[in-house]
Amino acid sequence: MKILVAIKRVVDFNVKVRIKPDHSGIETANVKMSMNPFDEIAIEEAVRLKEAGKATEVVVVSIGNSTAQETLRNALALGADRAILVQTDAEVQPLAVAKILKKIAEQETPQLIILGKQAIDDDSNQTGQMLAALLNWPQGTFASKVAVDNQQVHVTRELDGGLEVIAVKLPAVITTDLRLNQPRYASLPNIMKAKQKPLNVIMADQLAVDITPRVTTLKVEPPSGRKAGIKVANVAELVDKLKNEAKVI
Amino acid sequence: MKTLVIAEHDNINLKPATLSTITAAKEIGGEIIILVAGSQCKVVAENAAKITGVNKVILADAPVYAHLLAENIAELIVKIAADFNTICAPATTFGKNCLPRVAALLDVAQISDIVKVISADTFVRPIYAGNAFATVQSKDRVKVITVRSTAFTPAALGVSAVPIENCEIVIENPHTTFVSHELSQSKRPELTAARVVVSGGRALQSKENFKLIESLADKLGAAIGASRAAVDAGYVPNDYQVGQTGKVVAPELYIAIGISGAIQHLAGMKDSKVIVAINKDGDAPIFQIADYGLVGDLFEIIPQLNAELDK
């Protein structure tokens, strides 16, 4: 079984984002970029399935400008077998990403596609579901446990009220939640080996997919600030304030 | 203009997030029709028919819809929504699972997690874990939207009911089977709808110590929340998690105990009306957004707090 994993290069989760002075977006020049954390979990799960003998090949794909090659090399160092970059400098929104990934899936014919449940930049949480719809495949989103046996996968899903287990027939799309696994660190020998693994670059316009953005960002603003209040000296003062000043208890 | 709102429910009760979604739909304007898809869920449709501002309820009642699986519910929505301008669902795990499928089948974008309606095609939504807010405009013929429930006041239930129309479309779901649920059982209020939330972090140190949080929550009639660190450490189940990737809450009173205040946690609770932080580290970032901060050892403070509340 071949597994396709889609990854995105995003502003590193430790960076405090700055809004551009003209409010057109977030400052990304000279900012540390990393693989979206949910996508690291996706790669880890795919590699573990391969190590367990359930998968034969892990192919990783990313869409973006040429710097995404670095992120793909990182994925190869984590255990993916080969990489595909669909290269474009244009803004690619979730629906367009799903359409491109559908094309790649048709070429690669994987049985399982694993994606992070959302990217930590635009927080859309859409691409996996859209891809599943376009392929007319079942989906197991927000997965905290994945068990593959023969032609189906049992997916434990994290819901607002607890957990749900569903069985989906292959081929299927899975999106990862935080507790699916703890991704490994790339070892130095594996980082060296990753440099030799194949990385194929396809220009996005060669795929004949309409990736025109459907949504325009008019402006980006900081959240309305919340000021620090006061420190109280003890429990009695706290309860007094909550009762008589804030009047919430 | 017509808006279709997808009801979230468990075949018995309508989830409160649906009511907030109705409020967002009202701000968008036009006729509002609710779709209740499920199995043996007529009672849900009857309740939905009483929500003020709703014009009609469509009830799709069939065993194949019992567990609200994304694949066939999305196809059903697409069949029903042919001539609608807007499709809305709550930005809960249900809405997030199902609605992008609808958008893709319609070949339109989805706008996720809106917190404000500017006009029928322009909305405000958080990005970067709530560290920025984007005002976005959709150019698509149908707007597909998920709504952050804490950002909109729930619509009220009235006395008179609008008509319920039965939808006979039955779509099978041959590739996905529901296996089981492990739903958290709790006598406490639901986290996203509670007036008071008491949350604990990693400083609690163990599952047993989390009972301290429970004791305080019960005194205040509060729901219990947790930071991601506390969930990852196994102190509490995943559905207690408050934060950008967990639940977003905005209660009247939020008490954060032993939570340092990582950005991802703050994104899930900073819209609370009053925030109390209890932490032994006086420099913890949580104090920068707390209305009332108390520096000290939670193992001493919680019992004192319980005693003080008993007075």
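Predicted model: local features only at pLDDT ≥ 70, side-chain atom pairs only at ≥ 80, totals over all residues.
1. Two strands are taken as paired if DSSP finds at least two bridges between them.

2. The contact between the chains draws on 83 residues of chain B and 73 residues of chain A. Together the chains bury about 6600 Å², with 54% of that area on carbon and sulfur atoms. On the chain B side, the residues that lose the most area to chain A are B:Arg101, B:Tyr128 and B:Tyr292, which together account for 12% of what that side buries.

3. Polar and charged interactions also cross the interface. There are 46 residue pairs in polar contact between chain B and chain A, both residues being at pLDDT 80 or more. The side of chain B that touches chain A comprises 37 nonpolar, 27 polar and 19 charged residues. Five salt bridges are counted between the two chains. A:Lys99 forms a salt bridge with B:Asp107, and their closest N and O atoms are 2.7 Å apart.

4. Leaving aside residues up to four places away in sequence, B:Thr176 touches A:Pro138, A:Ile166, A:Ala167 and A:Val168 in chain A, together with B:Leu69 and B:Glu71 in chain B.

5. In chain A, strand β4 (residues 57-64) is mostly covered, with seven of its eight residues buried. Strand β1 (residues 2-7) pairs with β4(A) in the parallel sense over six bridges, and A:Ile3 stands opposite A:Val58 of β4(A). Strand β5 (residues 82-87) also runs parallel to β4(A), joined to it by six bridges; here A:Gly64 has A:Gln87 of β5(A) as its bridge partner.

6. Over all chains, the whole structure contains 32 salt bridges. In chain A, the side chains of A:Glu158 and A:Arg179 meet in one of them, at 3.0 Å from N to O. A:Glu158 lies in strand β8 (residues 152-159) and A:Arg179 in the loop between β10 (172-176) and α5 (188-194), so this pair ties together parts of chain A that are 21 residues apart in sequence. A:Glu158 is buried, with a relative accessible area of 6%, whereas A:Arg179 is partly exposed at 23%.

7. In chain B, B:Glu165 and B:Lys56 form a salt bridge through their side chains (2.9 Å, N to O). B:Glu165 is in strand β10 (residues 164-166) and B:Lys56 in strand β3 (residues 56-61), so the pair connects parts of chain B that are 109 residues apart in sequence. B:Glu165 is partly exposed, at 37% relative accessible area, and B:Lys56 is partly exposed at 26%.

8. A further salt bridge in chain B joins the side chains of B:Arg195 and B:Glu252 at 3.4 Å, N to O. B:Arg195 lies in the loop between β11 and β12 (196-200), and B:Glu252 in the loop between α6 (228-232) and β14 (253-257), so parts that are 57 residues apart in sequence are tied together. In chain A, salt bridges that share partners join A:Lys2, A:Glu57, A:Arg82 and A:Glu108 into one network.

Note on methods: Residues numbered from 1 in each chain as written. Chains lettered and ligands numbered in written order. Heavy atoms only, no water. Contact = heavy atoms within 4.5 Å. Buried area = accessible area lost by both parts, 1.4 Å probe. Salt bridge = Lys/Arg side-chain N within 4 Å of Asp/Glu carboxyl O. Polar contact = N/O pair within 3.5 Å; in protein donor to acceptor, adjacent residues only side chain to side chain. Nonpolar A, V, L, I, M, F, W, Y, C, P; charged D, E, K, R; others polar. Buried < 20%, exposed > 50% of the residue type's maximum accessible area, 1.4 Å probe, protein only. Helix = DSSP H or I, 4+ residues; strand = E, 2+ residues; numbered from the N terminus.
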